[in-house]
Amino acid sequence: MTTAGALMACVGAVTASAQVMQVSLDEGWRFRAIAAPDHADAMQWHSATVPGVVQTDLYRAGVIPDPFFGDNEKQLQWIGLTDWEYTDEFNVSEAMVRHGHVEMVFDGLDTFADVSLNGTSLLSADNMFRSWRLDVKHSLHAGKNTLRIVFHSPTNRITPMVAKLPYVIPGTGYEQLDRAKGIYPVSHYMRKAPYNYGWDWGPKFVTQGIWRPVRLEGWDAARVASFHVRQDSVNEERAVLEANLTVQADVAGAASLQVRVTNPEGVALPVRITPVQLDKGENHLMLPMRIEHPERWFPNGYGKQSRYTMKAELVRNGKVIAQSQLKTGVRSVELQRVPDKWGTSFTFIINGIPVFAKGANFVPLDSFPSNTTDAKRREILTAARDVHMNMLRIWGGGFYETDEFYDLCDELGLMVWHDFMFGGAMVPGDKAFQDNVRAESVEQVQRLSDHPSLTLWCGNNEVETAWHGWGDQIAFQKSVTPEQRERVWQDYVVMFRDILKSTVATYGNGVPYWPSSPGSNFDDVPAGQENGDMHSWKVWSAGAPVTEYATNAPRFLSEFGFQSMPDLRTVRAFAGSNEDLTSPALLNHERFIHGFDRMQQYLKDEFKPARDFASFVYLSQVMQAEAIKFGVEHMRTLRPETMGTLYWQLDDCWPVASWSSLDYFGRWKALHYYAARFYAPVLVAAEAKENQFTVHVVSDELQPRRAELHLRLLGFDGTLQQESRQSVQVAALASTAVEPIHLKSFDAKQTVAVLTLEQDGKVIATNTVYFARSKDLFLPEAKIVQQVRVDKTGYVVELRSPVLARAVALGFGSVEAKPEDNYFDLLPNESREIHVASKASLEQVKASLELRSLVDAAK
């Protein structure tokens, strides 16, 4: 988070008012281990970076090796079992201490932290997800001050408490329970990012540190503690809004509240003014507003991402004594759940439009959050937007992202399905834990309430379905008394049907709430196909064939996925030249149990053996892309029965073999290129059964089209075997079944079906369909002719082949170059021009260009 961004962290999208004096305390920090006798270097003082965590500070200091390389992770577990001291000496001006109020603000402390200033204890923090505002008026003085924070090992802090409990709730599955050795699952007994304790795509790095910015704030007459705009009613004609401010005041008496609104084009609207009466202490102020014919915010693909800037000023005796500003979009949002012929719908309605959610699940971009820059966030989220995604699910095992993240989602039209930070494990029911979560949820829901991209708050990830179906949870239920079992369930109900639901209802600005994913809002057993959202893991996790997806017809598919290797350059980053899948380095970067065996299982079933390691990496990505393509295309044809697909997962938190479509370095896998095609606004999807071709044209467009469906059956040598055309009335926001096409006799192993939807001579959508497994196809050796030339923004690579080249991939070795399209079928005698963005020279691009297709990858 940038310093400018840090100034907004405690009040959501609100910037600091001019009447508040702010000083960053992010500089000058030192740290050391309090007691680590086996790591003497760590007990010496070293410079610290804030925001940061102890692992990144140790790495910068040269005390530990690269945490992500090889199996170094295993050598670094002592860090999370150690207490750490951070200290900062900073100077304070006379002007600061003269303010009537001087407060120290911590935007994030990870996690158990004792804070003292000049020897005076200020705080014992216990929640990674909360900010802390402390009155330091009487602890601070002009000149030099000393701030000291002691971070306690989360594992060591919680373990003794868990050991005394009458029963131990099963964890997320990535922590051991060994009572004899004093080892207990602890992550779900604290408010800390669960993925810190490992997941089936991420390492175990138990972080500690000042993970978000620190600052001093001085103020006198008044301070705006929060500024939000409630959207009571939004439609095409008008937006009925209400400005809500919480003001801390040192003065009492009459004042006026003014709200200045600037429309998306920068034009100022009439100022809204209302008289208010201030009391000393906390004040809650409201100002009704109305915008005629508002420029509404729409998801990606449905309209503009229009946003208004709103500035609130508190004026007394003609002087502005406090002010605040936010940027927000106006839109209506609804999760429509009504009975229909398939069960109960699960459809997001934005501004009256039923939106098919197209997207992916989002996990933290790094094991160490402070490593992530705003540029990286923009790169990843832009990549999602660029392949027609309109929704991301913020998964419940990570953390609440920065304000910049949600601003980008607003800007790019990415709806946010936001889990609260619970994943896979039931929750404690003691009052202290519940109160801690309540404070956390109120802060986070308020902070994000003005972001138009926020579309759903969800209680948790897979907690309910785990309780009903996971082996360790069932075993636990059998091991305790009926009363204890019911207590655990009721603690769950209180948390997810009471505390979090009421928080969203009170502070969520009309955003719907959903208790658990997958779930049915307690109506049915979770993960069913008729009611609620579904996670589908028979493919991959259970080893079922990809065609299993065709047996599903969920109302909303919020999780499903398929693994692949990352880019070869990414593999080199963690394994060097090692290519042995049984080596410690590679095994440590495949966290799904027997993951390489499962990958090989699918590759063996679909492809001929890989020619070399690079071909294995390539084939794994093609397999992943083809699997998710099959699943998404099937689900989209079911619209409106199914109204969303969010594949697992968009990104990675470290370099690893996983389900992601963008690897840790942001490099596009085949899946991400495929997503641009299977998430396109108009999709042609086809299925061949015997001699009949069933085609659906799926449209997310707001207007219908009259188009022509063109079918060609081509031999791999380019021979045209069959051709047909038929007129199609493509319905808006619908899946349109096309008249079935009868296929003449053909050789399934040497034929491809090419489908194009055309209108006025322009290709709107295209797809290719094969009739046999890849290993059974008689693919000819592709002799691709290539030419590279310069254009205004990079390079153009022109490719042509006399025969079919399937899944052509452009690579550039160590040269950084990004094709606009990749992993595509090059049809016989049809040239393709691919734009390539690169800062390298023409000679470097030409020399480094490598082409690979399926026939090249096989032995």
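The structure discussed here is a predicted model, in which local features need pLDDT of at least 70 and side-chain atom pairs count only at pLDDT 80 or more, while totals for chains, interfaces and linings use all residues. Residues are numbered from 1 along each chain as its sequence is written, and side-chain values use heavy atoms, with hydrogens and water left out.

Two packed helices are described by the angle between their axes and the distance between the axes. Axes are lines fitted to C-alpha atoms, for helices over the stretch in contact, and angles run from 0 to 180 degrees between N-to-C directions. Helices (H or I, at least four residues) and strands (E, at least two) are DSSP runs, numbered from the N terminus.

Helix α15 (residues 613-637) packs against helix α16 (residues 670-678) at an angle of about 25°, and their axes are 8 Å apart. The two helices, α15 and α16, are therefore roughly parallel to each other. Their crossing is right-handed; a crossing has this hand if the near helix is turned clockwise from the far one by less than a right angle, and is left-handed if anticlockwise. On the α15 side the contact (heavy atoms within 4.5 Å) involves Gln621, Val622, Gln624, Ala625, Glu626, Ile628, Lys629, Val632, Glu633 and Arg636, and on the α16 side Ala670, Leu671, Tyr674 and Phe678. By class, the residues of this contact between α15 and α16 are eight nonpolar, two polar and four charged. Here Ala, Val, Leu, Ile, Met, Phe, Trp, Tyr, Cys and Pro count as nonpolar, Asp, Glu, Lys and Arg as charged, and the others, Gly among them, as polar.

Helix α15 also holds tyrosine 618. Tyrosine 618 is buried, with a relative accessible area of 3%, where buried means under 20%, exposed over 50% and partly exposed in between (1.4 Å probe, protein chains only). Leaving aside residues up to four places away in sequence, tyrosine 618 touches Arg806, Ala807, Ala809, Tyr823, Arg852, Ser853, Leu854 and Ala857. Alanine 807 belongs to strand β40 (residues 805-811) and, at 1% relative accessibility, counts as buried. Its phi is positive, about 55°, although alanine 807 is not a glycine.

The next helix to look at is α8 (residues 431-448). Its 18 residues reach 26 Å from the first C-alpha to the last, close to the 26 Å expected at 1.5 Å a residue; the expected span is 1.5 Å times one less than the number of residues. Among the buried residues of α8 are Phe433, Asn436, Glu440, Glu443 and Arg447. The cover over the buried residues of α8 includes β7 (120-126), β11 (222-234), α7 (403-412), β25 (415-419), β26 (454-458) and α11 (482-507).

The axes of α8 and α11 come within 9 Å and cross at roughly 30°, and α8 and α11 are therefore roughly parallel to each other. This crossing of α8 and α11 is right-handed. From α8, Phe433, Gln434, Val437, Arg438, Ser441, Val442, Val445 and Gln446 meet Val494, Met495, Ile499, Leu500, Thr503, Val504 and Tyr507 of α11. The contact of α8 with α11 has 10 nonpolar, four polar and one charged residues. Aspartate 491 is also part of α11; at 9% relative accessibility, aspartate 491 counts as buried. Apart from residues up to four places away in sequence, aspartate 491 touches Val427, Pro428 and Gly429.

Several loops deserve a look as well. Most residues other than glycine have a negative phi, and most peptide bonds are trans. Asparagine 351, in the loop between β21 (347-350) and β22 (353-355), has a positive phi near 55° and counts as buried at 10% relative accessibility. A cis peptide bond with omega of about -5° joins serine 517 and proline 518, and proline 518 is in the loop between β27 (513-514) and β28 (534-535). Another cis peptide bond, with omega of about 10°, joins tryptophan 648 and glutamine 649, the latter in the loop between β30 (644-647) and α16.

Terms used:
Angles under 35 degrees count as roughly parallel, over 145 as roughly antiparallel, 65 to 115 as roughly perpendicular and the rest as oblique.
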